Amino acid sequence: MSLERKAMPQTSQNPVSSVPNLAALLSVQNVGARTKYDIFTGIANPADTGRSFGGQVLGQALMAAGSTVADTQALHSMHAYFLRPGDATAPMVFEVSRQFDGRSFSNRRSEAYQEGEVIFSLNASFQIPQEGPVHAEQFDISSVPAPTEIPDLETTLVGDVPRLTAIKNRPVDFRFVEGPIYTEALAPHTKQHVWLRTKYELPENQLLHRAALAFASDYLLIEPALRSTGQSWSTPDLKAASLDHAMWFYGDFRVDDWLLYVIDSKALGSNRNLSTGSFYNREGKLVASVAQEAMVRISA
């Protein structure tokens, strides 16, 4: 499973493939401070749906929060709520509140605004790495095909696929062990395994890699709910949206190298789905976990 890295494009758009530069999509600019807040702005990324992608708002909010803590502290957990849909054509404004700074831990609240209304709220915790016992869950990587044995979406998605260009132009390469469900439903089950990595190399910045993983995680967490009912993304009248998002990080990793994303739908009812996910590196070591509740409305 060798990593053939591509050089990162120098602009926010690669003129050849139109794949966005993920580092640019997640970048934020400090535009000053108010009495209680550090203020940042994040660039827009126009989408065919007209709505901001939650993963980008999440990643930018983490980058803003992480910019206000010491370089010695690493992001270890975050809890967020998606409150209102965002306008994908307009930039975000982030207010970061420095809630706590201790000897080992720091906590930040990062809120995203558009047109004066808060659309997203996140709490994040950062810690200075410390010595102590170490344990991490292991996954038997040999139990699933290697990512190089699975066709990419450029190969898999052909013909009349809704939102085909947008899917292919995502900055993350997803390889579905059980197959994608963009056009057709597969045999019902509640779990899926997906290899992922960014399409371009990212700088050596652990905050960026963790924000990039948060960005990538938001694409797929609803899918096990669709799979459990034998539905696909092309199901008529399907309505889905993230409600909240939580992540925990257990050590350094790179998102421009392959990670295995194992996702499970834990409960589906009242038009809400709870999914959990685990990320393993190529040696099968757990590096991060995620949980998300989402609104999922599927016609009976």
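Colleague: Is Ala241 buried or exposed?
Modeller: Ala241 counts as buried, because its relative accessibility is 18%. Buried means under 20% relative accessible area, exposed means over 50%, and partly exposed is in between, with a 1.4 Å probe and protein chains only. Keep in mind that this is a predicted model: local features need pLDDT of at least 70, side-chain atom pairs count only at pLDDT 80 or more, and totals for chains, interfaces and linings use all residues. Residues are numbered from 1 along each chain as its sequence is written, and side-chain values use heavy atoms, with hydrogens and water left out.

Colleague: Where is the place of Ala241?
Modeller: Ala241 is in strand 9, residues 239–249. Helices (H or I, at least four residues) and strands (E, at least two) are DSSP runs, numbered from the N terminus.

Colleague: And what is Ala241 in contact with?
Modeller: Arg51, Ile222, Ala294 and Met295, leaving aside neighbours within four places in sequence. Contact means heavy atoms within 4.5 Å.

Colleague: How many Å apart are Ala241 and Leu58 in space?
Modeller: They are 14 Å apart, C-alpha to C-alpha. In sequence, 183 residues separate Ala241 and Leu58.

Colleague: New topic, Thr198. Which strand does Thr198 lie in?
Modeller: Thr198 is part of strand 8, residues 191–198. Thr198 counts as buried, because its relative accessibility is 5%.

Colleague: What does Thr198 touch?
Modeller: Leu22, Pro171, Val172, Val255 and Asp256, not counting residues up to four places away in sequence. The C-alpha atoms of Thr198 and Trp258 are separated by 8.5 Å, and the two residues are 60 apart along the chain.

Colleague: Let's do helices. What should helix 2 span?
Modeller: Helix 2 covers residues 54–66, so its 13 residues should span 18 Å at 1.5 Å a residue. The end C-alpha atoms of helix 2 are 18 Å apart, which agrees. The expected span is 1.5 Å times one less than the number of residues.

Colleague: How many residues of helix 2 are buried?
Modeller: 13 of its 13, so helix 2 is mostly covered.

Colleague: And how many in helix 5?
Modeller: Eleven of the twelve residues of helix 5 are buried. Among them are Leu207, His209, Arg210 and Phe215. Helix 5, residues 206–217, reaches 16 Å from its first C-alpha to its last, close to the 16 Å expected.

Colleague: Which way do residues three or four places apart point in an α-helix?
Modeller: They point the same way, because an α-helix has 3.6 residues a turn.

Colleague: Now the loops. What is phi of Glu115?
Modeller: Phi of Glu115 is near 50°, a positive value in a residue other than glycine. Glu115 is in the loop between strand 5 (105–114) and strand 6 (117–127). Glu115 is exposed, with a relative accessible area of 82%.

Colleague: What about phi of Asp237?
Modeller: Phi of Asp237 is near 65°, also positive and also in a residue other than glycine. Asp237 lies in the loop between helix 6 (223–228) and strand 9. At 58% relative accessibility, Asp237 counts as exposed.

Colleague: Last one, the whole chain. How many helices and strands?
Modeller: Six helices and twelve strands. Buried residues make up 51% of the 300 residues. Among contacts between residues at least 6 apart in sequence, 71% join residues at least 24 apart.
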